[in-house]
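Trainee: Before I use any of the labels on this model, I would like to hear the rule behind each one.

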Amino acid sequence: MTQRVAYVVAAILILAQAGPASAAPPSSLQTAFASAASEFRVPQNVLLAVSYVVSRWEADTRPSAAGGYGPMQLIDAASAPASDGKGDGKAVLPTTSSGPRGIATASAASGIPAAQIKTSASQNIRAGAALLATYARDTVGATPADPGKWYGAVAKYSSSNEASVALGFADDVFAAIKKGATRTTSGGETVTLAGTKTSPDTSTAGSLVLLDRKHTGFDCPKTLQCRFIPAAYHQNSKDPGDYGNFDLARREADGLAVRFVVIHDAETDYQTTIKIFQDSLNYVSAHYVVRSSDGQITQMVDNKNVAWHAGNWNVNMHAIGYEHEGFAIQGTTWYTDAMYQASAALTRHLAAEYGIPLDRAHIIGHDDIPGPAAANVRGMHWDPGPFWNWSRYMALVGAPITATATSGNVVTIAPDFATNMPQVRDCEGSGALLAPQPANFVYLYTSPTVDRELLFNDPGLASSTHTKGTDCAADWGDKADTGHTFYRVQRQGDWDQLYYAGNTVWFYDPGETKIVHTNATLITPKAGATSIPVYGRAYPESISTAKLTMYSIPAGQKYVAYEKVKGDYYEATTFNNLDSYVLHTTPSDFYMIQFNHRLAFVKASDVDISAP
């Protein structure tokens with residue numbers, strides 16, 4: 001879900017008490033938590049643990065996918081980004097309320113203006129503490145010194161009325177209190193939560209009005225910790241076409257083959273992701289949500305139905321989507337071993353059930369999905385981002401990225417994740433160049449020279465304000481990811497030249513350490529054609545012939561074709577009318593290709609096929 005508004009984190013001017021000369025002073029964030037805890041009579045470990053669970057103490061003041069701000073992730077739902085998870089070209093702004101964690105509610109509780117809650121980390125922490133204190137008084141009539149008595153207040157802070165979600169959030173917070181944590185934020189501040197033995201008093205949640213819906217029909221391996229909480233399916237107005245958050249189907253009995261698993265990151269915490277999908281006014285969903293701390297999985301849409309997650313209806317029709325808790329720019333902070341293990345086990349299970357090929361053409365990121373039409377390309381998401389370890393993930397699903405040929409001109413991007421550390425900039429946030437860290441991509445240049453001025457500017461991103469490639473993490477156009485496979489035009493010294501996005505690009509590949517050789521089918525424009533069009537979806541001509549007009553493939557260029565598919569379109573445009581839904585098909589065949597950072601489609605009638 002990665003699309004967030006950037007702004008500058010305000011300075012925190014709170015002085016630490018003097019200590020021994022040899023001791024490092026506490027960070028301003030640590031002091032802000034201590035000060036707010038004292039001011040509002042909230043146990044400091046409760047305040048720290050709540051913030052850790054929702055933000056990992058990040059003081060980033062741009063809104064999350066839910067419209068959450070700052071270390072306490074206080075919510076202004078109106079700031080949440082527009083969603084076109086369905087991918088039918090009808091992006092909508094969520095109109096849901098901000099709920100008990102809302103900035104307006106926090107402002108009323110604390111007396112702090114909403115603008116300061118959004119832009120000042122210390123004021124955000126104070127507002128969150130005031131809100132927790134209010135909920136403690138609501139649930140136990142006081143602000144007790146015993147952290148265990150805050151269980152009900154913490155559950156209410158979750159902002160969910162689903163018992164398993166609200167109480168699950170409180171359980172996560174008290175697990176963090178017990179275990180403790182220390183972390184250095186992206187702003188360079190170290191915050192510590194000392195582990196303490198605390199017995200949560202679950203009876204303090206007894207006054208909360210929570211729905212206790214029991215669901216057992218999840219599709220997971222028996223070895224995983226799974227549950228089912230349904231995403232909303234509701235008509236939002238008198239218009240039967242205004243509904244959320246998924247479409248009914250009978251996959252695969254209705255002809256809709258499941259071919260993809262799509263990996264997302266949620267751009268918010270686990271419980272908030274679930275809450276988003278439970279509100280039909282958010283117009284978005286995924287089949288599964290995966291928790292960072294322990295890999296718990298919540299299924300929210302039955303796999304026979306079509307969830308709204310990919311931003312491309314043609315992909316959604318054939319995909320199962322997972323949201324992974326966390327924020328792409330924070331990478332390994334959220335992408336834990338437990339998360340990788342659980343997600344990969346689920347993928348192995350579903351691949352066996354549906355016959356999904358275990359390769360990077362079918363186990364894909366949100367950032368691999370093409371814009372369905374030209375107008376959508378620039379707005380397509382970039383998660384799970386540069387810090388998702390595709391090498392490890394594919395090894396865990398049982399399909400490690402290894403050579404399938406000893407030589408040749410078809411190459412798969414495969415840098416060693418641990419030592420591959422191209423730097424990226426947080427252009428959607430602070431603007432800072434992030435510290436070197438393991439990443440999954442190689443930079444692409446217009447000539448064989450390491451020069452930021454020569455980074456490739458993808459035609460799908462080019463504009464009057466985007467005149468060259470950038471080192472922004474969100475700039476997918478000048479990055480080739482682990483598992484992407486291309487035709488290599490030539491090798492010059494330590495540089496490889498590829499056909500890419502209808503152009504040629506270069507990347508630095510000393511000793512061929514960034515690639516493995518691969519066998520693959522290739523497509524090239526038919527003899528006599530000067531160029532051929534590229535499509536973002538494989539639709540029947542009767543539904544759409546829209547091309548990605550900023551792209552084409554010139555004569556002579558070669559691209560890897562992953563599979564041949566029939567054009568199809570599942571017409572499901574009204575609420576709860578399954579028997580009227582129609583799967584339109586066409587005799588026309590398309591090839592799904594690796595075109596640039598993203599997949600694309602070309603008509604089989606436009607191309608010739610060749611071996612490498």
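This is a predicted model: local features need pLDDT of at least 70, side-chain atom pairs count only at pLDDT 80 or more; totals for chains, interfaces and linings use all residues.

Mentor: Residues are numbered from 1 along each chain as its sequence is written, and side-chain values use heavy atoms, with hydrogens and water left out.

Trainee: How do you know that the span of helix H1 agrees with its 13 residues?

Mentor: Helices (H or I, at least four residues) and strands (E, at least two) are DSSP runs, numbered from the N terminus. The expected span of a helix is 1.5 Å times one less than its number of residues. For H1, residues 28-40, that gives 18 Å, and the end C-alpha atoms are 18 Å apart, so the two agree. Just after H1, arginine 41 has a positive phi of about 60 degrees.

Trainee: Which residues of H1 are called buried, and what covers them?

Mentor: Buried means under 20% relative accessible area, exposed over 50%, and partly exposed in between (1.4 Å probe, protein chains only). In H1 the buried residues are Ser28, Leu29, Gln30, Thr31, Ala32, Phe33, Ala36, Ala37 and Phe40. Their cover includes helix H2 (44-55), helix H5 (121-140) and strand S4 (190-193).

Trainee: What makes strand S15 covered on both faces?

Mentor: In a regular strand the side chains alternate between the two faces of the sheet. In S15, residues 410-413, Val410 and Thr412 are buried on one side, and Val411 and Ile413 are buried on the other.

Trainee: How do you know which strands pair with S15?

Mentor: Two strands pair if DSSP finds at least two bridges between them. S15 has 3 bridges to strand S18 (residues 485-492), in the antiparallel sense, and threonine 412 has threonine 485 as its bridge partner there.

Trainee: What makes a set of residues a nonpolar core?

Mentor: The members are buried Ala, Val, Leu, Ile, Met, Phe, Trp, Tyr and Cys residues joined through side-chain atoms within 4.5 Å. The largest has 83 residues, of which Ile297, Tyr322, Tyr393, Ile523, Ile553, Ile593 and Phe595 touch the most other members. Helix H10 (residues 337-354) gives the most to this core, 9 residues. Apart from it lies another core of 51 residues, including Leu29, Ala32, Trp150 and Val154.

Trainee: Why are cysteine 427 and cysteine 472 called a disulfide?

Mentor: A disulfide is a pair of cysteine sulfur atoms within 2.5 Å, and these sulfur atoms are 2.1 Å apart. The link is left-handed, with -80 degrees about the S-S bond. Cysteine 427 lies in the loop between S15 and strand S16 (441-443), and cysteine 472 in the loop between S16 and strand S17 (479-481), so the pair ties together parts 45 residues apart in sequence.

Trainee: How many disulfides does the structure hold?

Mentor: It holds 2. Cysteine 220 and cysteine 226 form a disulfide with sulfur atoms 2.3 Å apart; both cysteines are buried, and their link is left-handed at -90 degrees about the S-S bond. In sequence order, the bonded cysteines pair 1-2, 3-4.

Trainee: How many aromatic pairs are there, and what makes tyrosine 335 and tryptophan 388 edge-to-face?

Mentor: Rings of Phe, Tyr and Trp (its six-membered ring) pair if their centres lie within 6.5 Å; planes under 30 degrees apart count as stacked, over 60 as edge-to-face and the rest as tilted. The count is 27 aromatic pairs. For tyrosine 335 and tryptophan 388, the centres are 5.0 Å apart and the planes at 80 degrees, so the pair is edge-to-face. The two residues are 53 residues apart. Tyrosine 335 is buried at 4% relative accessible area, and tryptophan 388 is buried at 0%.

Trainee: Why is the pair of tyrosine 445 and tryptophan 495 called edge-to-face?

Mentor: Their centres are 5.7 Å apart and their planes at 75 degrees, so the pair is edge-to-face. Tyrosine 445 lies in the loop between S16 and S17 and tryptophan 495 in strand S19 (residues 495-500), so parts 50 residues apart in sequence are tied together. Both tyrosine 445 and tryptophan 495 are buried.

Methods. Contact means heavy atoms within 4.5 Å.
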